[in-house]
Amino acid sequence: MAAAAVSAGAALQSCARPSGDDEAAAKPKAHDLDFDVVVIGGGFAGVTAARELGVGGYRVLLLEARPRLGGRTFTGKFQGKKVEYGGSCVHWVQPHVFAEMQRYGKNFEEVPLVDLEATNVMIASGEIRRIEPSEFIREYDHAMEAFCARSKELFPRPYSPFFNPEVLELDNVSAAEHIATLGLNEIQEATLNAELTLYGGAQTAEYSYTSFVKLFALAAWDYYTFTDSEKHYKISDGGTLGLCKAILDHSGAEVRLGKVVSNISQDQGAVRIETTDGQVVTAKTAVITVPTKVYDSIEFSPVLSSEKQAFISNAEMCDAACMFVQFKQNIGNTFSFCDDPNPFSAIQTEYFDDSIGTIVKVTLGRQSLIDINDHDAVTTEMNRIFPYVDIVAISSYNWATDPFSRQGWPSYRVGWFSKYKDMAKAEGRLYFAGGATADGWHEYIDGAVESGIRVGREVREALTQELVGKS
Amino acid sequence: MTGRTYIWLLRISMLLVTACTVTACSDDRTTKVEAIDVRDWKAVAESATESAVAKGERLFQMCSSCHGFEKGELSPAGPSLYGIAGRKVGSLDSYPYTQALASQTVNWTVKQFDDFIASPQDVFPGTGMAYSGLKNSEDRDALIIFLATKALER
């Protein structure tokens, strides 16, 4: 067990351990279980929950199936440049992740985005419209504002998304249905539909209209602020991994990587967690932060509520992947939308100069439309949009086929936004977090952090009553 | 890499591989270690063309987000491929494998690697490798040629 923790630390180059200067003295041990809390999942929800409880003196174990931290964020390198293969965008209007950046001294890093030199729109048929950036921005702006025109009325308090009960009445309206009511022109419809295919990780006929409008409302119901919040800034100083490690290091939690949870059982006094290598740990409580589609790989005893099982089976469908492509040529600062069913939903310049050429980030809302591991297929598709470029290198991360995510970011299927709180409800000694359970920025890092803070409070209240009450 | 440099590296590396399979030194002791059979990887490397190596190197970029080649290197999200030729699957001490790989008893032969990279989850169900597979057999051949030359450089 100790060896596992050490090897995990070696792989991480960072291993959180209990330290003597924690903000609170360790809580008195009032039981013979291995830990007070086991957190399952080392993404932002998990490390935040671990920190919330660890600094309170509770004995916390964090289990992560992957050999790395970060969950659906992943700071890596491509052709010598730091890149984010997963969730990356942060902003000061995202209060939870911004607070963590402030706490741990992390700054913002701009991606090019502003001062675009060229913009392209591939309409659904596959034809390309090469339009001036000013026209691109004007048309996309119009479409997005039209789609979200009722954001303030529907979401006067975005963190209480059902404060206006009309939101519940609109739960069965898909993004595609709403787009069809807007009277958009070709460019407007293509850019908006591509963006919403990306957000939904699915055809817009499957994607919940109101859940997206809530995200827009969170950016102060403002188009410029929303776009700025979703595409403009990353975390500098180590990227998402740097912030994730900082939170975890603060937690004092023990960390075990490569631990795939297979069974979770609970009785009146304890939770028992078994991993696929046959190891068993016991704790007073467990916090589960795995992506919604991963729940099916864990056997629960007793079984989860029927509401949770329904949500797990139906609510999410994000089929997303991310890819970086290096061109030999420096094509400058570009942005392209490719409408569904063209696979490269958004293509954004990340780096460009005459020595490196260009590195673009491609976000695929529906990775199953193309085999992203097939270089010939990727090259052919890219040359439809940029016919003159030579491709030097390609690197991708397929979140939909990763066995420990099984999906991209949390996005609600039409009809399921109204039920997200089912996924957040504690069941006995089990507590639930993850971006999908967030009231606010549920498709973002911010939502994961929000959920970690919320679940930390829930567990702390429960353990305070149980453990301190006994001592 | 020029053909001449490549052949020179190959000759040096063949000597090194042979030596490493006979003895290993630890402190003052010399210990007999189990020989690692790399003949199939050597055969691939010896038949490699420069263009195939170059193609394989380009294809390897898709692996480089998780895997590196340096000895003892802490790869970002996957085990180092240093010494993968002939190595037992899931056997690096410093790497937190999932049980799906840690429990394996087979070695990384060329065929094993080819099968795995075509569809990782089918070959070792439960592996944590977030890669859905390289379906094009010509691409796999090129990737394996590149890995073979890298593996036997040492």
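**Close-up views of salt bridges and a helix face**

**View 1.** Glu254(A) is partly exposed, with a relative accessible area of 24% (buried is under 20%, exposed over 50%, partly exposed in between; 1.4 Å probe, protein chains only). Arg256(A), by contrast, is buried at 2%. Their side chains meet in a salt bridge, 2.9 Å from N to O (a Lys or Arg side-chain nitrogen within 4 Å of an Asp or Glu carboxyl oxygen). This is a predicted model, in which local features need pLDDT of at least 70 and side-chain atom pairs pLDDT 80 or more, while totals for chains, interfaces and linings use all residues. Residues are numbered from 1 along each chain as written, chains are lettered from A and ligands numbered from 1 in written order, and side-chain values use heavy atoms, without hydrogens and water.

**View 2.** Glu100(A) forms a salt bridge with Arg51(A), with the closest N and O atoms 2.8 Å apart. Glu100(A) belongs to helix H3 (residues 95-103) and Arg51(A) to helix H2 (residues 44-54) of chain A, 49 residues apart (helices are DSSP runs, H or I, of at least four residues, numbered from the N terminus). Glu100(A) is buried at 1%, as is Arg51(A) at 2%.

**View 3.** Arg150(A) and Glu166(A) form a salt bridge, their closest N and O atoms 2.7 Å apart. Arg150(A) lies in the loop between helices H4 (133-147) and H5 (151-154) of chain A, and Glu166(A) in helix H6 (residues 166-169) of chain A, so the pair ties together parts 16 residues apart in sequence. Arg150(A) is partly exposed at 26%, and Glu166(A) is partly exposed at 22%.

**View 4.** Helix H3 (residues 50-60) of chain B has the buried residues Ala52(B), Val53(B), Gly56(B), Leu59(B) and Phe60(B).

Technical notes: Helix = DSSP H or I, 4+ residues; strand = E, 2+ residues; numbered from the N terminus.
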